[in-house]
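Thanks for coming. I will go through one structure today, a part at a time, and I will keep to what the coordinates show.

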Amino acid sequence: MADPLILTLSCEDRPGITARVTGFLFERGCNIVDAQQFCDRTGAVSVDRFFMRVAFDPIGTGPDTLRAAFSKFAADYAMDWTIVSQDRPRRTIIMVSKFDHCLVDLLYRWRTGELNIDPVAIISNHPREATTDIDLAGIPYHHLPVSKDTKADQEAQVRQIASEADAELVVLARYMQIFSDEQSAHFSGRCINIHHSFLPGFKGARPYHQAHERGVKIIGATAHFVTADLDEGPIIHQDVERITHADSAADLVCKGRDIERRVLAEAVRLFVEERVLMNGGRTVIFRA
């Protein structure tokens, strides 16, 4: 049997889209195993917008043939769409600075088969000995130091590595450098960042210590797409944990790291499973 495929699409909402899409697949002998749809009527964009994700087995029809036929079908609706293999690992670059908890977690989930990624490179602004001592299983490690004067050149090197590795996703796993507008635009829609959810409060250094001093009762983390608006890109996943008066600042740091790694891993999973669709400045998430 051919590898299962995933169709995702978005377009202006019109009657009959679901029926026509499922009918298109049925007529070509495909077996739908999961289908989800959503119509945004909240005014996020100027018109009602329809979103759909369909997982199916292409029985007797190759993916290239399906793409060619669907291209003509989709033109009638001015659809943004993709048809991709469900099982193919997504080629991923992981960027990290000195804190390796998110990096270690992503690699563990990759090794155990939980995350369907293919780590093609690790990039850091610090040398490897300052970042992590775990076995990288042969994944190329690129030390690209950066300063104000070298930022443009360093970012060009990142783009070159991504191009040569044919990377589909860039994950900022606690990479503590701000992308330029050019870099953000280059990786638009395929770069995910993680940070604590205190923003816009508790900016700068030691945010968990600042939160402890204020006596916060909930801490959290946010994973989002990278845009020129720094930490305000479309949100993919968030989570929180309750804090009590008995928690020290060190406890908050520890719990914060745990939330960060969990939230980032879930955001990556949603992305590689084609469950994230852009909706203006927001996202539509089709969860399993």
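**Helix H3 and what surrounds it**

The buried residues of helix H3 pack against strand E5, strand E6 (117–124), strand E8, strand E9 and helix H8 (249–272). Before going on, please keep in mind that this is a predicted model.

Which residues of H3 are the buried ones? H3 covers residues 101–111, and its buried residues are His101, Cys102, Leu103, Asp105, Leu106, Leu107 and Arg109. Valine 104 also lies in H3. If we leave aside neighbours within four places in sequence, the contacts of valine 104 are Thr132 and Ile134. There is also a distance to note here: valine 104 and alanine 173 are 69 residues apart in sequence, and their C-alpha atoms are 9.4 Å apart in space. After H3 comes glycine 113, with a positive phi near 85°.

**The strands under discussion: E5, E8 and E9**

E8 was in that list of packing partners, so let me turn to E8 itself, residues 169–172. Leu169 and Val171 point one way from this strand, Val170 and Leu172 point the other way, and all are buried.

How does E8 pair with its partners? With E5 (residues 90–96), E8 pairs in the parallel sense over four bridges. In that pairing, isoleucine 94 stands opposite valine 171 of E8. With E9 (residues 191–196), E8 also pairs in the parallel sense, over three bridges. There, leucine 172 has asparagine 193 of E9 as its bridge partner.

Asparagine 193 deserves a moment. Is asparagine 193 buried or exposed? Asparagine 193 is buried, because its relative accessible area is 11% and the limit for buried is under 20%. Apart from residues up to four places away in sequence, asparagine 193 touches Leu172, Thr222, Ala223, His224, Val226 and Asp231.

**Helix H1 and arginine 49**

Next, helix H1, residues 17–27. Its buried residues are Ile17, Val21, Gly23, Phe24 and Leu25. The cover over these buried residues includes strand E1 (5–12), strand E2 (31–40), strand E3 and helix H2 (63–75). Just after H1, glycine 29 has a positive phi of about 75°.

Strand E3 runs over residues 49–57, and arginine 49 is found in it. Arginine 49 counts as buried because its relative accessible area is 19%, and buried means under 20%. What does the side chain of arginine 49 meet? A polar contact of 3.3 Å joins it to the side chain of aspartate 80. Beyond the neighbours within four places in sequence, the contacts of arginine 49 are Ser10, Cys11, Glu12, Asp13, Phe38, Cys39, Asp40 and Asp80.

**A pocket and a cavity**

Now the open space. The second largest pocket has a volume of about 490 Å³. It is lined by 22 residues, and those closest to its centre are Thr8, Thr82, Glu274, Val276 and Leu277. Two or more lining residues come from each of E1, E3, strand E4 (80–85) and strand E12 (276–279). By class, the lining has 10 nonpolar, six polar and six charged residues.

Glutamate 274, one of the residues closest to the centre of that pocket, lies in the loop between H8 and E12. Its phi is near 60°, a positive value in a residue other than glycine. Glutamate 274 counts as buried because its relative accessibility is 19%, which is under 20%.

How many cavities of 30 Å³ or more does a search of the whole structure find? The search finds one. The largest cavity holds about 30 Å³ of space. Val146, Lys151, Gln154, Glu155, Tyr175, Gln177, Ile178 and Phe179 line it. That lining divides into four nonpolar, two polar and two charged residues.

I will finish with alanine 137. Where is it? Alanine 137 sits in the loop between helix H4 (128–131) and strand E7 (141–143). Its phi is positive, about 55°, although alanine 137 is not a glycine. At 44% relative accessibility, alanine 137 counts as partly exposed.

That is the end of my part.

Methods. Residues numbered from 1 in each chain as written. Predicted model: local features only at pLDDT ≥ 70, side-chain atom pairs only at ≥ 80, totals over all residues. Heavy atoms only, no water. Buried < 20%, exposed > 50% of the residue type's maximum accessible area, 1.4 Å probe, protein only. Polar contact = N/O pair within 3.5 Å; in protein donor to acceptor, adjacent residues only side chain to side chain. Contact = heavy atoms within 4.5 Å. 1 Å grid on protein atoms, 1.4 Å probe; cavity = no way out; pocket = protein on both sides within 12 Å on 5 of 7 lines; lining within 4 Å. Points joined across faces, edges and corners; volume = space filled by probe spheres on them. Nonpolar A, V, L, I, M, F, W, Y, C, P; charged D, E, K, R; others polar. Pairing = 2+ DSSP bridges.
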